[in-house]
Amino acid sequence: MRLRRTSRHGSTTQTDLDPTSGGWWRAGDELETGERYGFLLDDDPELRPDPRSRRQPDGVHAASAAFDVGDFAWSDAGWAGRQLAGGLVYELHLGTFMPEGTLDAAITRLPHLVQLGVTHVELLPVNAFNGRWNWGYDGVLWYAVHEAYGGPAAYQRFVDAAHGHGLAVVQDVVYNHLGPSGNYLPLFGPYLREGESTAWGDSVNLDEPAVRDYILDNALMWLQDFHVDGLRLDAVHALHDQSPVHILRELAERVDALSVQLDRPLALIAESDLNDPTLILPREAGGYGLTAQWSDDWHHAVHVALTGETGGYYADFAAENALAKVTEHGFFHDGTFSSFRGRPHGAPIPPEVPTWRLVTFAQDHDQVGNRAAGDRLSATLSPDRLAVAAVLTLTAPGTPMLFMGEEWGASTPWQFFTSHPEPELGRAVAEGRTAEFARMGWDPDAVPDPQDPDTFARSHLDWSELDDPEHARMLTLYRDLVTLRREWPALTDPDSTHTAVEVRETDGTPERRVYRIDRGDLSVVVNLASTSQAFDVGARTRVLLSTSGFRREDSLVTLPPDSAAIMTSPLV
């Protein structure tokens with residue numbers, strides 16, 4: 001193996017690398033910041049980027065650039081971090097959050113998140129991928145920050161600014177597969193499992209110690225070198241590991257140790273399709289000890305209740321007890337039969353697990369972007385129903401998460417977009433997506449072409465909507481709900497036994513049900529029926545918030561259709 005390096009003055013040299021133990025190769029001289037370099041493998045004349053590159057200024061196929069993380073002057077020495085418990089997560093995609101699509105531009109909107117009451121900003125993947133725009137899940141160089149976002153220096157500025165505003169940063173990372181373009185890892189060693197793949201590409205070879213180190217070192221890099229406060233671990237069900245110690249447990253052990261060293265909380269949040277509480281159970285109880293995991297079941301139950309959609313994986317969530325079960329117990333499928341999977345699915349969450357260990361949401365990048373048209377709830381629901389969605393999201397027992405723009409009922413879609421420079425790959429992605437939705441009955445002409453730049457352009461937030469009175473009212477509602485969540489301990493009570501849900505069946509359809517959700521000394525009442533509904537709440541009950549007005553007569557509170565209210569219990 002040889003190292004080819006090009007100085008900032010343009011001179012190029014080649015050096016044979018010396019093999020060392022563990023399969024590592026080393027050069028004698030240090031690289032200077034900004035110096036371009038890459039590797040020549042065996043007799044291959046093509047330069048290959050460093051698999052641990054911190055910067056790819058000319059794309060994932062070109063030379064790497066040396067980057068010293070220690071050059072940045074951090075101003076967050078007093079940052080003590082933020083616990084996930086009691087928090088509010090805000091998920092955003094850097095390329096579409098602001099018109100410029102950069103980290104520096106996103107910094108200008110951090111005050112908006114503070115005023116909303118956000119505690120944790122979750123960034124969709126920023127690792128280097130081929131092309132200019134993408135969701136980020138096709139990354140191939142996990143250690144480098146995508147150059148179009150501003151590269152690693154801009155990333156440091158963003159995290160530092162977020163901490164200055166009192167916001168923790170959670171980085172979405174993808175360790176289960178690599179993208180289809182620019183993946184040179186197999187040239188360096190047995191990093192992928194031959195003949196075994198995930199839904200998105202070849203599976204990583206977790207039997208290989210170097211692969212495990214590649215993942216673990218990357219996770220610690222974000223938390224230590226870039227001062228990140230947590231990681232969202234993409235699709236951990238696709239991490240096939242038969243080792244005595246699962247890599248997720250090993251990662252949790254390493255991160256807990258680093259948390260002690262740094263003296264600030266660090267979070268690991270898993271996305272999993274398994275409904276398996278092992279992820280968040282403590283290690284002494286046989287679990288992996290991760291901080292939290294997403295609850296897709298909560299999303300599905302709320303989505304069905306709001307929209308009435310019951311196709312595909314939504315079918316089971318039309319059950320009368322669906323929303324009640326996910327609110328009281330976290331998972332709907334906890335060993336029950338899943339008609340979508342054709343088998344029993346999941347396991348129950350022990351009642352002693354704090355409710356905040358489940359991240360709950362009514363919208364997120366997957367559940368919006370993987371719809372054929374990338375339509376948000378705002379595309380089909382009335383403002384009154386959107387307000388009910390806000391109440392359900394921000395009074396849920398879990399840790400609530402918002403998807404960017406949700407807080408003002410953004411009308412812009414968030415569609416699936418790519419910018420693969422290779423015509424064949426771009427065409428294959430577009431045709432595959434069209435065929436997938438055609439099988440579900442969609443008109444192929446109604447499915448946006450992910451390679452069309454207009455698809456990316458349509459997916460940008462329109463911040464001018466905040467000047468519209470209707471959107472402004474929605475934002476005010478979200479802010480009021482977050483304030484209530486912060487002021488009333490019952491809304492962040494981690495004890496699942498303190499939550500009870502009563503369901504009224506009206507005309508037999510899930511989107512016409514009525515709910516009373518008791519959370520300690522508060523009650524949340526939701527009327528999705530087509531007629532007004534009365535609730536006997538006691539004469540001394542105080543209504544703290546109502547989305548569409550209400551009538552009161554002694555102990556009866558009557559809500560109009562498509563409305564919700566939050567009130568104290570009769571004992572207050």
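Which element gives the most to the lining of the second largest pocket? In this predicted model, the answer is α6, with 9 residues.

The second largest pocket has a volume of about 1,300 Å³. Its lining is made up of 41 residues, and W24, W25, F39, D50 and R52 are the closest to its centre. Besides α6 (209–225), the elements β1 (2–6), β4 (25–26) and β5 (36–40) each supply at least two residues of this lining. Sorted by class, the lining has 22 nonpolar, 13 charged and 6 polar residues.

The helix α6 also matters for the next part of the tour, the largest nonpolar core. In soluble globular proteins, nonpolar side chains tend to be buried together. Here the largest nonpolar core holds 134 residues, and those that touch the most other members are Y155, F158, Y175, W222, L231 and L233. To this core, too, α6 gives the most, with 9 residues. The contacts of W222 can be followed one by one: leaving aside residues up to four places away in sequence, W222 touches V126, W142, V145, Y155, Q171, V173, Y175, H227, V228 and L231.

A last stop is S459, in the loop that runs between α13 (453–458) and α14 (469–487). Is S459 buried or exposed? S459 counts as buried because its relative accessibility is 0%, and the cut-off for buried is under 20%. The side chain of S459 reaches the backbone oxygen of T455 at 2.9 Å. Not counting residues up to four places away in sequence, S459 touches T96, P413, W414, Q415 and F417.

Technical notes. Residues numbered from 1 in each chain as written. Predicted model: local features only at pLDDT ≥ 70, side-chain atom pairs only at ≥ 80, totals over all residues. Heavy atoms only, no water. Helix = DSSP H or I, 4+ residues; strand = E, 2+ residues; numbered from the N terminus. Buried < 20%, exposed > 50% of the residue type's maximum accessible area, 1.4 Å probe, protein only. Polar contact = N/O pair within 3.5 Å; in protein donor to acceptor, adjacent residues only side chain to side chain. Contact = heavy atoms within 4.5 Å. 1 Å grid on protein atoms, 1.4 Å probe; cavity = no way out; pocket = protein on both sides within 12 Å on 5 of 7 lines; lining within 4 Å. Points joined across faces, edges and corners; volume = space filled by probe spheres on them. Nonpolar A, V, L, I, M, F, W, Y, C, P; charged D, E, K, R; others polar. Core = buried A, V, L, I, M, F, W, Y, C linked by side-chain atoms within 4.5 Å.
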